[in-house]
Amino acid sequence: MAIKKSKFIWMDGKFVKWEEAKVHILTHAIHYGSAVFEGIHSYKTEKGTAIFRLDIHIDRLFRSANAISMNVKFTKKQLREAIKKLVKTNKIQDGYIRPIAYYGYGNIGVFPKDVPTNISIIAIPWGHYYSKDLSIMNSRYRRHSEKSAVYGTKISGNYANSILAMYEARKKGYDEALMLDLNDYVSEGPAENIFLVKNGSLIAPESRSALPGITRDSIIKICKDLGIKVYVRKVKLKELKNANELFYCGTATEVAPIISVDGKKIGDGKAGKITLMIKERYIDIVRGNNKKYIKWLTFV
Ligand code: PMP
C-alpha cells in the first residue's frame, strides 16, 4: 500500500518533520537488516482514536530487540506514551503505526560492535491492506526454522524471505504467497497468519516457523464467544487445500478471505460464511463496539 504522509516522525525522542526524517547510508540496519519492528493498527472509534493491543505489540518489540542483543534506549512506558502522542499530533484515526529500532551508524562490519542503536516511530493514515479476496500459491521458499531464526520475533533481515515469496507469487499472477516450514507443514504467509475452517471449526496451523501473531491470538479468543471451536495443530498442504474456508489475518491485513490455493478453489470459491462472521466481529471489536474487549484498546 502506498505511503500516505503524516506530519511528524518520532526519532529518538524528538518529533521530526516528515521530510527531515532521514538516516545515514552507513546505518548498519540498511546493510544487514539489523532492525526490529512492529506493525500496529489504530482505529477511529466513537470515543476517538484507539490503538489495538498496543502493550502486547510493545512487548514483542522488546523481545525482538533482545533476540539481536539490541539495547532499546527507551522504556516500554516511554514508547507507549510516544506512540500515543504521535498518533494524536499527526491526527491519525484509521492508521498504521510502525516503531522500528535499529543498529545505526558506527561500524561497517556485520557484527554490530560499538554500533549505537536508534529508534523511530512512524504513524500514517491507513485504509485496507487487501480489499479483495485472495488467490494464493504455495511458495518454493520455506519459512525460517528455529535453527536459523528466533521464534516469535520480527527482525527486519528475516523479511528477505517474505520478499522472495511475494515476488514469486506476484510474478505468477497470484495475490499472495503461502509458505511451508522445513518439515512440510503449513507455516504462514509473508506477513500474515492463516486459518482453516473445516466442518464449522477453526484450525490454526501450528508451526514454530510462523510468527505467533497478535491478530491470530485475538481471533482464537473471539471464537470462544462465537461458539466456534479452535484446534491448534500441525497442518499439511493437502489438508489446507481441502478446507471449507481459508483466511489470512494480521494487524494490517485484518481478516482476508482466501478463495484459491495453487488455482484450486476453496469451498465454493467465495469468501466463507464463518470467515465473514469472524471478520465482522473482529472489526466490531477494533472499532470499540464490543464492551468485553474494550481492554484491548488504548485511547490516545
Ligand atoms: N506473520 C508474519 C511474518 C508477520 O510479519 C505478521 C505481521 N506482523 C503476522 C504473521 C501477523 O502478526 P500480527 O497479527 O501480530 O500482525
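# Close-up views of a predicted model

View 1. His 41 stands opposite Tyr 96, a residue of strand S6. The structure is a predicted model, in which local features need pLDDT of at least 70 and side-chain atom pairs count only at pLDDT 80 or more, while totals for chains, interfaces and linings use all residues. Residues are numbered from 1 along each chain as its sequence is written, and side-chain values use heavy atoms, with hydrogens and water left out.

Strand S6 spans residues 95-103. Strand S4 (residues 40-45) is joined to S6 by three bridges, and the two run antiparallel; strands are said to pair if DSSP finds at least two bridges between them. Strand S3 (residues 35-37) also pairs with S6 in the antiparallel sense, over three bridges. Within that pairing, Ala 101 of S6 is the bridge partner of Val 36. Strand S7 (residues 117-125) runs antiparallel to S6 and is joined to it by nine bridges. Here Tyr 102 has Asn 118 of S7 as its bridge partner. S6 is mostly covered, with seven of its nine residues buried. Buried means under 20% relative accessible area, exposed means over 50%, and partly exposed lies in between (1.4 Å probe, protein chains only).

**View 2. Strand S9 and its parallel neighbour.** Strand S9 (residues 176-180) is mostly covered, five of its five residues being buried. Both faces are covered: Glu 176, Leu 178 and Leu 180 are buried on one side, and Ala 177 and Met 179 are buried on the other. Strand S8 (residues 134-138) pairs with S9 in the parallel sense, over three bridges. In this pairing, Ile 136 has Glu 176 of S9 as its bridge partner.

View 3. Around the ligand are 15 residues, of which Tyr 159, Glu 188, Ile 214, Thr 215 and Thr 251 come nearest. A residue counts as near a molecule or strand if one of its heavy atoms lies within 4 Å of it. By class, the shell has five nonpolar, five polar and five charged residues. In this scheme Ala, Val, Leu, Ile, Met, Phe, Trp, Tyr, Cys and Pro are nonpolar, Asp, Glu, Lys and Arg are charged, and the others, Gly among them, are polar.

Polar contacts are pairs of N or O atoms within 3.5 Å; within protein, one atom must be able to donate a hydrogen and the other to accept it, and residues adjacent in sequence count only if both atoms are side-chain atoms. An N or O atom in the side chain of Tyr 159 is 2.5 Å from an oxygen atom of the ligand. For the side chain of Glu 188, the distance from an N or O atom to a nitrogen atom of the ligand is 2.6 Å. An N or O atom in the side chain of Lys 154 is 2.8 Å from a nitrogen atom of the ligand. On its own the ligand has 380 Å² of accessible area, and the protein covers 95% of this. Accessible areas come from the Shrake-Rupley method with a 1.4 Å probe; for residues, only the protein chains shown count as cover.

**View 4. Helix H5 and Ser 218.** Helix H5 (residues 214-226) has 13 residues and reaches 18 Å from its first C-alpha to its last, close to the 18 Å expected at 1.5 Å a residue. The expected span is 1.5 Å times one less than the number of residues. Buried residues of H5 are Ile 214, Thr 215, Arg 216, Ser 218, Ile 219, Ile 222, Cys 223 and Leu 226. Ser 218 has a relative accessible area of 0%, and its side chain reaches the backbone oxygen of Ile 214 at 2.7 Å. Just after H5, Gly 227 takes a positive phi of about 70 degrees.

View 5. Most residues other than glycine have a negative phi. Arg 53 is not a glycine, yet has a positive phi of about 50 degrees. Arg 53 is found in the loop between strand S5 (48-52) and helix H2 (54-67) and is buried, with a relative accessible area of 9%. Asp 262 has a positive phi near 50 degrees and lies in the loop between strand S15 (254-261) and strand S16 (264-265). Asp 262 counts as partly exposed, at 31% relative accessibility.

Note on methods: Helices (H or I, at least four residues) and strands (E, at least two) are DSSP runs, numbered from the N terminus.
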